[in-house]
Amino acid sequence: MKSNSLIVKFLFLIILLPAMANANVILPSFFSDNMVLQRNAEVKIWGWGHPFEEIIITPGWTTEKYKAVPNNQAYWEIKIKTPGAGGPYQINFKGYNEILLNNVMLGEVWFCSGQSNMEWTANAGIDNAEEEIANANYPDIRFYNTPKLSAETPQINMPGNWKVCTPETMRHSTAIGYFFAQYLQKDLNGVAVGIINSSWGGTPAEIWMPAEAFSNNTVAQAAAKLTPMDWGPTEPARAYNAMVNPIVGYTIAGALWYQGESNTGSDVYDVTLAALINSWRAAWQSNFPFYFVQIAPFNYEGGTTQGVTIRNAQRKVLDAVTKTGMVVISDISPTDDIHPRDKRSVGKRLANLALSSHYGIDKGIVNSPLFKYAEYKGSKAIVYFNYADGLHFKGKSSAVFELAGADGVFFPAKATVKNNTVEVVSKKVKEPKYVRYAWHNTAQANLFNKAGLPASSFTSK
């Protein structure tokens, strides 16, 4: 594994050597032409240069000039205030050499990460792919796509550059991130949106967390149980070191996450995901919003509940970690494809969460019905939900509610919607103590609120 780290360092040197020969201003790859910086913020810009030699930075949105002086490690950083959305601007960096960044926009920056469903591109196959690609002319949507890299220690840079959204660049960028940006831009009056995509298909959550996160014994023990895979690393922190750490500090509005399939079998995924969220916020020193997609129903090998256990764990994170939101997609996902092709609906639901919760725009109900609590009265369980306005079944009834008595053995039950609650009874359970819904890997939602959003799987046990 040391070779991976050496490769990353070698690539970094290839990037830097031409500039180092006769220059003192060097920037990370993600400070480039076409980038988006967070509007209405104090953004951090950093780089390297000859120790103690003055660097003058001139942003195009102000007449003010900023001075940075590299320390004895050749590192410098500076914070610059950004106004509202706008551009294109230039940013000039002048030391012994001079760097001019062009076509820089001020807007909203979102960090996207996870595994294959976040990585999935239009070119890989999405609904209406050719039409979506042909229409992808959005000059104020920008992509920064991180290459797949791993490292044993935290890295300071990576190859890459920002690209303007065109049919060709959209074709090879995260489809969910693209649709999210498209809907965000529509409701934010055309503001530029920057999508940083750092994802790797088939990877567990543990590789996306910094080493410090494994001081939590539960997280560390779960990581120790991971089985090595052919298609990517499973060692803790390896992707974080190479694909997240270099960009930590780049001011973002929030993060989008779609992962969990490769953690099926874990019974502590809620603790793992919570640790990941908290570790990222600590690294960025920002309590940014974190919105994630609940994994879709799929016929996982080896059992019938390991997938739904992850879905339930994801639901529990909403109560454990502040400023989080979850998109449920069990109504738009086939059970025979681990890569649902309707990425537009996923991007739209994520965007509605962000628009409502983060940007304060009224989008109506943007959350799925989420289990709140259950009351047990005689032979009946009454289930209460958050976001339950207009609660209804798609069809006359539901066949995916179950009840259990004190022995914890569940039986199929009959469910009826009454006054935005669900009443559940079973002839085989005279005194219910527990209730669950859609508790199977392939169970699809048939309970919705008036916004047409599906209820999440849950168990009260």
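**Pairing around strand S20**

Valine 417 stands opposite valine 422 in strand S20. The model is predicted. A further pair of facing residues is threonine 416 and glutamate 423, the latter being the bridge partner in S20. Strand S19 covers residues 414-418. Strand S20 covers residues 421-425. The two strands run antiparallel and are joined by 5 bridges.

S19 and S20 form a hairpin with 2 residues between the strands. Asparagine 419 in this hairpin adopts a positive phi, near 50 degrees.

Strand S20 also pairs with strand S15, which spans residues 380-386. This pairing is antiparallel too and counts 4 bridges. Here alanine 381 lies opposite valine 424 of S20. Burial of S20 was examined next. The strand is mostly covered, with 4 of its 5 residues buried. Buried denotes a relative accessible area under 20%.

These pairings belong to an open sheet of 4 strands. The strand order is S14-S15-S20-S19, and the pairing is antiparallel. The edges are formed by S14, residues 370-377, and by S19. Each of these edge strands pairs on one side only. Neighbouring strands of the sheet are turned against each other by 25 degrees on average, direction ignored.

In this order, S20 stands between S15 and S19. The S15 side contributes 4 bridges to S20, and the S19 side contributes 5.

Technical notes
Residues numbered from 1 in each chain as written. Predicted model: local features only at pLDDT ≥ 70, side-chain atom pairs only at ≥ 80, totals over all residues. Heavy atoms only, no water. Pairing = 2+ DSSP bridges. Axes fitted to C-alpha atoms, helices over the stretch in contact; angles between N-to-C directions. Buried < 20%, exposed > 50% of the residue type's maximum accessible area, 1.4 Å probe, protein only.
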